[in-house]
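Try each task before you read its solution.

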Amino acid sequence: MFRSHVLVCGSDGAVLKNLVDNMNELVEKYRLKNDVKVLMTYSLTGDDKISLIVYPEGTQYFNINLESMERIVKDHLLNGKIVKDLLAHPEEKTEEEIASETEFINRQFRMVLKNCGNIDPESIDEYIAQDGYQALGKVLTQMTPEQVVAEVKASGLRGRGGGGFPTGLKWEFACKSKNPVKYICCNADEGDPGAFMDRSILEGDPHSVIEAMAIAGYAIGANKGYIYVRAEYPLAVKRLDKAIAQAREYGLLGKNIFDSGFDFDLEIRLGAGAFVCGEETALLTSIEGKRGEPHPKPPFPAVKGLFGQPTVLNNVETFANIPQIILKGAEWFSSIGTEKSKGTKVFALGGKIEHVGLVEVPMGTTLRKVIYKIGGGIPNGKKFKAAQTGGPSGGCIPPQHLDIPIDYDNLVGIGSMMGSGGLIVMDEDNCMVDMAKFFLEFTVDESCGMCTPCRVGNKRLYELITKITDGRGTMEDLDKLEELCYYIKDNSLCGLGQSAPNPVLSTLKYFRDEYIAHIKDKTCPAGACKALINYEIIPEKCIGCTLCKAACPAEAISGDPLKTHKIDKDKCIKCGTCMAKCKQNAIIKK
Amino acid sequence: MKSLAELNAIKEKVLKEKTEAATKSGEIKVLVGMATCGIMAGAMPVMTALMQEVEKRQLKNVAVSQTGCIGLCNYEPIVEVLMPDMPKVTYIKVTPEKAVKIINDHIVNGKVIKEYTVDNIHWNKE
Ligand SMILES: Cc1cc2nc3c(=O)[nH]c(=O)nc-3n(C[C@H](O)[C@H](O)[C@H](O)COP(=O)(O)O)c2cc1C
Ligand code: SF4
Ligand code: SF4
């Protein structure tokens, strides 16, 4: 299946043929051969003007020459951005066209997910038919470890697990070590609430991760790898298990792979689902069979990691990029994305969004495009309020930043972070104070308890926020909240504690007025904080149908049939059932 | 695995089988999304229904197979039909009953069931 079709139109056959050849060369150069098909057609209108139309978008370009075609291939076909100054009809053909049926897939750029949903993940043959294990073959037969490291370094790939550390650099540290024993580990712990990118990759294309780990093993000189998966992902574990067995059977894992003298094998380790075990030092400790607690860095794992040996730990999605970087080259990879963030990013879209699911877009795509052009927008005609990225370690992105190109540095710049790729969309019914409280509750639960600022500090933060959502907060509490946030960030040992206050800080930054409404007006503008809302029946509208009374689980509603009903505030547990049941819209939330 | 040539031999073999199947009997591929999201939404009974119907009707040129998540998790179970020389058709929220109808109407009689396809997903304006 081609992702895009390019139609070169004109009236002179020889010129057209030439252009099509040039276009095909460009498509080849940017490794889009399997994604883009170039066709030529004689102009129907009879004029001599040469134009180029990209389908399915139907974008038409004029001024076609070698240079402009290269821009169209690079910007539009590879990065999904329309080249505005070449548009034939600049006024109408912008990105704001009407959505059509296949847009969900077509507006994406599927590189990491290219096999997910296309091949049978339990068949190694199908993976091989899609160029699987070619990259491993290439590095083992044609490249030195140093060349592999150099290629990954040149690609600009950065870790997809949250931190965004340059992958090539990490490999280089480990590669340079003279230690005879080294390890490769894969972080498939995926603990962020709302994130499921890594699970989908493991379930849909497990061989890509296995192949990449073998490549990494060769690059740094490791013969053994561990995949740390959470036990809550039974299907991912099953498919990985099967894939590892198949790879062994084919001799793609094991001794003397591709007759190169290189040995590599993998083992799966199951995590019990503690969030802190996603932190690299805790994860490695957990693989060793010890209690999953972080320890100070340095020494970094690349110097002293698993069992005290140099270790490279990468995220599932980071690994899934590797085979294509090797096959298509660093130059190709680095042509996708923004200056400092290369390639694509997979997001797990969730919350108040029409198309809940998995999307992959080039770095630098705007949040607006992800939410409205791919995610289908906010359901029920509600308004967008904020998007939360980075889970409990991240922050929120308010409407004024919808057009910022998503990459590592931009997100940090506006007080959020890329995180591992969970993207939770919130609308006007979501209370931002309540959201911060939700994530704090999570981190309080998940703190390993080793350092006091994190263990006690986050609990105090949670209590302060609860005070505010209960309507007991004071303006001094806001200052205390902020001060405590910075204290926790500065004094915690690991990333969990250091980033736990982020949801509070970012909501304070962008939605301070909501905090103030809770404190001064004792109201929750979104109507989400139970302590601050009341359900009431408007007497003029109530016809006494008894529906609400029958439905109320707390027996808080009184009233005879055909007479006006009333809610007893003391008995009401604020479940909202009555409001949903009432056909007269006589019940309101205040 | 001893060499790239050996790997390529497997690749060519699989690709050849695929194209041969496609040209010989007009092989039709039916893909069912079987990641956690699909299975939770009920992809197993859909898969079973598809296979039983194919078996019942003795459709030798139809291959039903599983695949990963295509990304539209809240429209699972998703079934995709790939016929030679035809654009891929994606069916959403498939039930065992719909699955039987897909085999009958689309695969046997060549009629795409428009009401079930991904064209029906909802888009909200900004
Ligand atoms: C509390 C905490 C949880 C983390 N959870 C994960 C996780 O679930 N998956 C992951 O890949 N990285 C997670 N990380 C990041 C890892 O520590 C590490 O940076 C990453 O796996 C490195 O791989 P990368 O360079 O490929 O991103 C977490 C970090 C912290 C501090
Ligand atoms: S910051 Fe929190 S999770 Fe991290 S080591 Fe300290 S107590 Fe444990
Ligand atoms: S909100 Fe729930 S508890 Fe309160 S009156 Fe309505 S149904 Fe009863």
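Predicted model: local features only at pLDDT ≥ 70, side-chain atom pairs only at ≥ 80, totals over all residues.

**Exercise 1. Ligand 3 and its shell**

Find out how many residues surround ligand 3, and which are the closest.

Solution. 
- Step 1: Select the residues within 4 Å of the ligand. For ligand 3 there are 13 of them.
- Step 2: Pick out the closest, which are A:Cys552, A:Cys572, A:Cys575, A:Gly576 and A:Cys578.
- Step 3: Sort the shell by residue class. Around ligand 3, 10 residues are nonpolar, two are polar and one is charged. Cys counts as nonpolar and Gly as polar in this sorting.
- Step 4: Look at the space that holds the ligand. Ligand 3 sits in the second largest cavity.

**Exercise 2. Ligand 2 and its shell**

Now do the shell of ligand 2: which residues are closest, and how does the shell divide into nonpolar, polar and charged?

Solution. 
- Step 1: Count the surrounding residues; ligand 2 has 13.
- Step 2: List the closest: A:Cys448, A:Met450, A:Cys451, A:Cys454 and A:Cys494.
- Step 3: Classify the shell of ligand 2. Nine residues are nonpolar and four are polar, with no charged residue.

**Exercise 3. Two helix pairs in chain A**

Classify the packing of α17 with α18, and then of α5 with α12, in chain A.

Solution. 
- Step 1: Take α17 (residues 452-469) and α18 (residues 475-491) of chain A. They pack at an angle of about 160°, and their axes are 10 Å apart.
- Step 2: Compare that angle with the cut-off: angles over 145 degrees count as roughly antiparallel. Therefore α17(A) is roughly antiparallel to α18(A).
- Step 3: Check the handedness; α17(A) and α18(A) make a left-handed crossing.
- Step 4: Turn to α5 (residues 134-142) and α12 (residues 316-328) of chain A. Here the angle is about 60°, with the axes 8 Å apart.
- Step 5: Name the arrangement. With that angle, α5(A) and α12(A) are therefore oblique to each other.
- Step 6: Check the handedness again; α5(A) passes α12(A) in a left-handed crossing.

**Exercise 4. Backbone details in the loops**

Solution. 
- Step 1: The peptide bond leading from A:Lys297 to A:Pro298 is cis, with omega near -10°.
- Step 2: Stay in that loop between α11 and β9 of chain A, where A:Phe307 is also found. A:Phe307 is not a glycine, yet has a positive phi of about 50°.
- Step 3: Go to the loop between β7 (254-257) and β8 (262-271) of chain A, where A:Asp259 lies. A:Asp259, not a glycine either, has a positive phi of about 55°.
- Step 4: Switch to chain B. The bond from B:Glu76 to B:Pro77 is cis, with omega near -10°, and B:Pro77 lies in the loop between β2 (62-67) and β3 (79-82) of chain B.

**Exercise 5. The layout of chain B**

How many helices and strands does chain B have?

Solution. 
- Step 1: Count the elements: chain B has four helices and four strands.
- Step 2: Read them along the sequence, which gives α-β-α-α-β-β-β-α for chain B.
- Step 3: The C-alpha atoms of chain B fill roughly 50 × 35 × 25 Å.

How values were computed. Residues numbered from 1 in each chain as written. Chains lettered and ligands numbered in written order. Heavy atoms only, no water. 1 Å grid on protein atoms, 1.4 Å probe; cavity = no way out; pocket = protein on both sides within 12 Å on 5 of 7 lines; lining within 4 Å. Sits in = over half its atoms within 2 Å of the grid points. Axes fitted to C-alpha atoms, helices over the stretch in contact; angles between N-to-C directions. Parallel < 35°, antiparallel > 145°, perpendicular 65-115°, else oblique. Left-handed = near helix turned anticlockwise from the far one by under 90°.
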